[in-house]
Amino acid sequence: PHAVVERGEKGSAVLLSFLPKFEPAARAAEVIFVVDRSGSMGGDSIAEVRNALQLCLRSLTPGSRFNIVSFGSTYAPLFDGSRMYDEASLGEAAAFVRTLDADMGGTEILPALQYVVQQPLVAGLPRQVLVMTDGEVTNTDEVIALARRHAAAARFFTFGIGAGASHHLVKGLARASRGAAEFISPGERVEAKVMRQFTRVFTPAMTCVDVAWGQEGLTPASDRVPPVFDGERVRVYALGGATVASGTATLRGTIAGRDVAFDIAIDPASAVEGDTIATLAARERIRMLEEEGEYLESRGSLQRRSRATGKAAAEIAALGVQYQLASRETSFVAVEHRDAPLEGRAELRRVPVALASGWGGLRETGT
């Protein structure tokens, strides 16, 4: 691990970068696939899902249990409960996957996830939920809040399918439950990303990660450090004032039940000039504040909307203004100044709306 100190016009910031290398051992798990079969998944997206699912099924480890839950306007599990992974269950699931189509209507993901987290846990097996979707839903906040409430019992590993997948939904689900997200573009080979997710699913990560900052005046960008997977870089940010004092930050975590700690020296004498790290730190802190349960709850109804003007909202707005970042509390307005005013009557013009490549199978129909 190492630290980078930045000093710029907007203040100072610190970046901790950590690239772990350990030898994780594969383990069994309960894996529940939650598959989007709404109408927008037609064409390229559902074909990508079929390919990814077939590879996933054949990558399950001995001793694991699994199930497949399809959703659209409703949801439907393949099995009544998680089935032991063996030749018979694999054959039944593979045959089912070959018949998958985008024929279940709208994108109602919340009831499907509620069904999953309400299922009885399997003793001795961690629950890993793999979500495959291309959609953007209207209740993203509720979906992310559900994942956060059940993070102790279920971790969500998400796949954003297609060019128009909602990054907020796909990444937010993974962040809230300390999982990980991947995105599969139209026509892209899925093998590498599927296997990367399965490495995360079936091998222990460094969890319960925490950073103890040894300096006064540093504000951590997030109080939720993501899990650290073998060979994957993790970056942790903090915002400071005009200067940063020298000291030592300590990164702590747990690997396979064993506590580990790493001391990282912070040296202001080697600070770099600029505002890049500070802007990234501000963006991370805004994201964390926007996904906090109390802030999301305050936006949930008109009766509670006034609570959104509280401490979190004020901090989001202040960071957005200082670092020129769009957020739920800040936006930008473009003003065009013209030397000569326009004259004449206004005209109505129809502007075509661009859709994501492959959305709803439009490429196939040519419409």
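Is Cys56 buried or exposed? In this predicted model, Cys56 has a relative accessibility of 0% and therefore counts as buried, the cut-off for that class being under 20%.

## Cysteines

As for covalent links between cysteine sulfur atoms, the structure holds zero disulfides.

## The largest nonpolar core

In soluble globular proteins, nonpolar side chains tend to be buried together. Here the largest nonpolar core is made up of 35 residues, among which Phe33, Val49, Leu57, Leu60 and Leu130 touch the most other members. Two or more residues come from each of the strands β3 (30-36), β4 (65-71), β7 (127-133), β8 (154-161) and β9 (180-184), and likewise from each of the helices α1 (44-57), α2 (87-98) and α6 (191-202). Of these elements, α1 gives the most to the core, contributing six residues.

Leu57, one of the core members that touch the most others, can be followed through its individual contacts: once its neighbours within four places in sequence are left aside, Leu57 is in contact with Phe33, Phe66, Ile68, Tyr85, Leu90, Ala93, Ala94 and Val97.

## The loop between β9 and α6

Gly187 is located in the loop that runs between β9 and α6, and because its relative accessibility is 70%, Gly187 counts as exposed. Although Gly187 and Glu48 are 139 residues apart along the chain, a separation of 7.9 Å is found between their C-alpha atoms.

Definitions and conventions. Residues are numbered from 1 along each chain as its sequence is written. This is a predicted model: local features need pLDDT of at least 70, side-chain atom pairs count only at pLDDT 80 or more; totals for chains, interfaces and linings use all residues. Side-chain values use heavy atoms; hydrogens and water are left out. A disulfide is a pair of cysteine sulfur atoms within 2.5 Å. Buried means under 20% relative accessible area, exposed over 50%, partly exposed in between (1.4 Å probe, protein chains only). A nonpolar core is a set of buried Ala, Val, Leu, Ile, Met, Phe, Trp, Tyr and Cys residues joined through side-chain atoms within 4.5 Å. Helices (H or I, at least four residues) and strands (E, at least two) are DSSP runs, numbered from the N terminus. Contact means heavy atoms within 4.5 Å.
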